[in-house]
Amino acid sequence: MTFRQARWDEPPIWELSASAPTGRAPSISGVPDRWTRKEALRWPELSELEVLRHYTRLSQMNFGIETVTYPLGSCTMKYNPRVSEVIARRKTATELHPEQPVETVQGALEIIWRLERMLSRITGMPEISLQPAAGAHGEYSALLMVRAYFRDKGELGQRTEVLLPDTAHGTNPASATMAGFTTRELPSKGGCVDVDALRAAVSDKTACFMLTNPNTAGLFESDILEIAETVHRAGGMLYYDGANLNAILGITHPGKMGFDVAHLNLHKTFATPHGGGGPGAGVLAANATLAPYLPIPRVVKSGRKFRLDYDRPKSIGKVRSGPGNFGLDLRAFVFTLIHGEEGLKHVARRAVLNSNYVAARLGKRLPRPFRPLVKHEFLLSGEPLLSRGVRTLDLAKRLLDEGVHAPTVYFPMIVPEALMVELPETESRRALDEYVAAFERALDDTDEHLRGAPTATSVGRIDEVECARHPLLSWKDLRAEGVPPGGAPDGRKP
Amino acid sequence: MVHWIPDSQRDEEEMLRAIGLTTSDELYSDVPRKARIGRLGIGAAQEEGEAVRTVDKILDRNRPFSRFANFLGGRYATRYLPAAVDSVLQRSEFYTSYTPYQAEASQGMLQALFEFQSLWVELTGLDVANASLYDGATASGEALLLARRVHEGRRFLVPASLPWEERSVLSNYATGPGLTVVEIPFEERTGLIDLGRIAEEVRKGDVFGVLADVPNGFGHLDDHLFELRSTLGDLPLIVRADPLALTVLEPPARYGADIVVGEGQSFGIPPSYGGPGVGLFACRKDFVRLSPGRIVGATHDKYGRRAYALTLQTREQHIRRSRATSNICTNESLIALAFVVYASVVGPRGLAELQRGLAERARTIASALAGLDGLRSPRFEAPYLSDFTIELTRGTASEFLERLRKRGVLGGVPLRDPRPGAPDQPERILVSATETVDDKAIAKLVSAASSALASTGGSK
């Protein structure tokens, strides 16, 4: 495929107009002068067309799912159905203030209630809360629940430790720290939890073991029932990171696997758009023991009416403003309705098939660290390229020149020069074959081209280390630095 | 028929054969029998058209605020949004993309986020902004944690006028590291923070930070903020500020804010029953390496061209893991984009004029209500912008608002902690002005309020 990304020399928006207000902001009756802005907001005055042209040009310098295959491991970059976008923009969905009387938001409460029931069945967990804003926020909220549970049990002083495999998403240990636990990472064996190591590690200090299954190596943790038993025998809680749920929809679920609490990412499995890094929605699912600790309010149905219940004395309270990212709940609801039972199972099977198919083909070119059967994603190691003086990073950048997104790279950390590839169910056979061909062309390219990539994107290789060494983080910094309009910070020609 | 999964059985069979399998069940040979499930019981698939009808039927049970004389506001705005904003959000290159890890292929989103950061820096007067957090309340929580990183102590001071939701969120952020949120009472007449009490708490010691909000939970501008800095010494001052207010008010850095957070939903997207929104976060330059969230930096590519990339990532969870400054991964990029597009479409003069107009409207509403027997409007004597608080002297806020609703009026946000066991609370309502509030709507509010109060016997 010949691919060239748009390359607009599009200046930052403030360089598009010399016209900006000067002097004081308008004064407001009853507001003392000391409050009034003495220098009006520094931002350009532009026509609507100028603004639209600017952002349309920027959009053309951005990969998205509707333009390219996006096999970004751990992120489940599947098609975001257009119908969900249309529904989420209905006035009956958008023009709702969270403080409106419940009589005027019965439809919203019903969507929340019904989605919660569906997710309860999909996860095998009795109670659901849609409040957290994203996956990591769900993790953090769940750990606050675990914390509150052990406090009530009088064991918080003792159960201070959260255990995780060394393949865990970085958000897991970070969430555990924020929730006040210490963390301990356990070395994995063959890409999976080493049950003996886990047995040795659990104790009466264990508050929780955090696990994603299938894990970040793309492997199903086949010892899951033993893992659950081990953690529970020690009196700990088992946490399910739902980032990889897509692979097991309708096959198994966290409830059946013995998890006590879970988060799901609606922006992964349930196809709500990632928006360039958010919004997400991080659903919480809890078993009967932890359900009383879920955030308030809970949506309850009494008769034919829905209402908000704040009377949950054990609840951790609020983890954000409002009931959750309702706009995304609605999209996930549409996705689940249209797929239905059989559709969701097909989602999982096709995603797993796609990944195994591409894994088998690319496995002929680069080593695959663990056992061959994977779930939603697979790992490759770029280590053999090192002898050519080529790194995984170079390969990732070279793939961009093929008009496909790069895989997740250098994660999980247990695999040297890791590439983590995920091909969700919405990628066709043809797209997969093209992806394999693109990957092979990249591998077969000259070392020099690999190191020089990308060349087809709107800008060439960026030295991110240097960017961090001398951070320029806003227009104010550029002004202070004296970067001229149209110029690049410190952009000496090589 | 679902066309979201490419529909070809033959392809699937060939792909299975290519990996040495015959049936798709074999893809799950690694899932133990005992962990398998039967039916989910979520119902059969619906055609797209059928699903749309199903969902519309449910949504039709909602009554959007636009069908009422609407005085709801506070932390969520119900303002008019120019159509151009959503048209940018609907560019699939923006809304279907992921976090711009691959900078060279993501310059569009990165530049837009750099512009967003720049705008929040200009509004707050601080040095550095990040590329967004979840919402205003969680941004306050992250600010609390940052304050603790730069200052010793275990106690964090907040105004008691802060909405209960935000106090609850802050308590959650405080609980992990074993910190306490202390509520500072407000002055009975003005609703403004009791400066003496802050000084007293600071003298007692063990305080690591203070939060104030502009406008505060009652809608008022707290004049004491100009004196607060000198009371606090080197304690971090966090200001939660409304972005539209900052188009006409002095940037909080001018009165000594070290961190400024906010909710950006009002700039560009509708409230959608509470989310998504966007958390705004800015701080002093010397705090940046301890600060949470993704940050975009300006740099150049290898040809010397201007370029942008995510930067200072060694603070973040995917690198620093348990020692990260925050667990945040997915943030609110698309809403950050909406924020900067909205501000640019309306323009700096338009924004300031909008705020001025809403403030004038709020004064009209406040004085129209002031004549009624049975409520105090505004309840507090202090300057305000688009929002102000009324207090009922008889009846409850919930009955009052219910009576208004039946007459087609959404009267405002009840300022009440709904949790059972919350202490007795005065019957206060936050009333807000939006562009849709015209003289007719105000007349409707006054008439509905007057009849609601008339039918409420006795004084409280």
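**Close-up views of the predicted model**

**View 1. Helix α1(A) and helix α11(B) are roughly antiparallel to each other.** This follows because, in this predicted model, their axes cross at roughly 155°, and angles over 145 degrees count as roughly antiparallel. The two axes come within 8 Å, and α1(A) passes α11(B) in a right-handed crossing. Helix α1 of chain A covers residues 48–59.

**View 2. Residues of α1(A) meet residues of α11(B).** A:E48, A:V51 and A:Y55 are the residues on the α1(A) side. On the α11(B) side stand B:V341, B:S344 and B:V345. Sorted by class, this contact holds four nonpolar residues, one polar residue and one charged residue.

**View 3. Chain A is in contact with chain B.** The contact involves 177 residues of chain A and 164 residues of chain B. Helix α10 of chain A (residues 326–362) provides the largest share of the chain A side, with 22 residues. That side of chain A comprises 86 nonpolar, 58 polar and 33 charged residues.

**View 4. Chain B is divided into domain 1 and domain 2.** Domain 1 consists of 66–77 + 348–454, and domain 2 spans 83–341. Taken over C-alpha atoms, the centres of these two domains of chain B are separated by 27 Å.

**View 5. Domain 1 of chain B touches domain 2 of chain B.** Here 21 residues of domain 1 are in contact with 22 residues of domain 2. On the domain 1 side, α11 (333–370) and β12 (387–392) of chain B each supply at least two residues. The most comes from α11(B), with six residues. By class, the domain 1 side has 14 nonpolar, two polar and five charged residues.

Note on methods:
Residues numbered from 1 in each chain as written. Chains lettered and ligands numbered in written order. Predicted model: local features only at pLDDT ≥ 70, side-chain atom pairs only at ≥ 80, totals over all residues. Domains from an automatic or database assignment. Contact = placed C-beta atoms within 7 Å. Helix = DSSP H or I, 4+ residues; strand = E, 2+ residues; numbered from the N terminus. Nonpolar A, V, L, I, M, F, W, Y, C, P; charged D, E, K, R; others polar. Axes fitted to C-alpha atoms, helices over the stretch in contact; angles between N-to-C directions. Parallel < 35°, antiparallel > 145°, perpendicular 65-115°, else oblique. Left-handed = near helix turned anticlockwise from the far one by under 90°.
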